[in-house]
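Work through the exercises below with the model open. Each task is followed by its solution in steps.

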Amino acid sequence: MTSEHATDVGSGSSVERALATALTPRRERTRERLLDAAFTVFAHHGIRGASIEAVCEAAGFTRGAFYSNFSSKEELFLALAERAMRQQLASLESIGKELEPDIVRGGCVDHDAIRTILSVVVTDPGDARQWSLMRAELELLAMRDPAVGRPFQAQEEMLRTEVGAAIERILADLGLRFTVDQRTAVDLLLSIYESSARTAVVARPTDEDGDAAPDTAVLSELVNLLVTTAD
């Protein structure tokens, strides 16, 4: 690994930094601009192919500004992924409040409504290819380098737990429940989604081939198996 690759990602992850350092409004704006720039640069060049200088240039900052917020490109990507998931969680909570309580009619679940809930966790079709490619690259790095793998796995555990809790709260409010334990249900749903996302990118590898949005047909069928009435 070059010096740009994380050798200390685990010692200064985005989660730990958030707990240890209260962000000022100015620093928060700096982080957001770096994250926005990182998505564009990573999407075009990949995590390994992108340089910290390119991210800084795209954001309009110096390397000093970068290193005051992130220790490596890998940590930057983890923060980018966490931001995207937290936006999806916020949308999930919001749509859950908007659903009518009569989602269960005559003892039957309105699965179209359930799919509406899950749709907010699915990546925007315009970004699906980029996210799939970047995630696949980071997973390979995580498998090869424990310094990347440890914080990657920790973040996965945290986010899956939060997604599962959010979905379960919504289901409970609607008189529904998972047919299996929460973690198993979330693992199944996300695994099927991620597999479909990878398949879509392989089938449509360039923008000219059309959107690489994953096929949600299998996901919908899985929802039918995993969600039932609470009675």
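**Exercise 1.** How are H5 and H8 oriented to each other: roughly parallel or roughly antiparallel?

*Solution.* The model is a predicted one. Take helix H5, residues 73-98, and helix H8, residues 146-173. Their axes come within 10 Å and cross at roughly 0°. Angles under 35 degrees count as roughly parallel. H5 and H8 are therefore roughly parallel to each other.

**Exercise 2.** Find which residues in H5 meet which in H8, then sort the contact by class.

*Solution.* From H5, the contact includes Leu-78, Met-85, Arg-86 and Leu-89. From H8, the residues include Phe-152, Met-158, Leu-159 and Ile-170. By class, the contact has 15 nonpolar, two polar and six charged residues.

**Exercise 3.** Describe the length of H5 and its start.

*Solution.* H5 has 26 residues and spans 38 Å from first to last C-alpha, close to the 38 Å expected at 1.5 Å a residue. At its start, a side-chain oxygen of Ser-72 comes within 3.4 Å of the backbone nitrogen of Glu-74.

Note on methods: Residues numbered from 1 in each chain as written. Predicted model: local features only at pLDDT ≥ 70, side-chain atom pairs only at ≥ 80, totals over all residues. Heavy atoms only, no water. Axes fitted to C-alpha atoms, helices over the stretch in contact; angles between N-to-C directions. Helix = DSSP H or I, 4+ residues; strand = E, 2+ residues; numbered from the N terminus. Parallel < 35°, antiparallel > 145°, perpendicular 65-115°, else oblique. Contact = heavy atoms within 4.5 Å. Nonpolar A, V, L, I, M, F, W, Y, C, P; charged D, E, K, R; others polar. Expected span 1.5 Å × (residues − 1). Polar contact = N/O pair within 3.5 Å; in protein donor to acceptor, adjacent residues only side chain to side chain.
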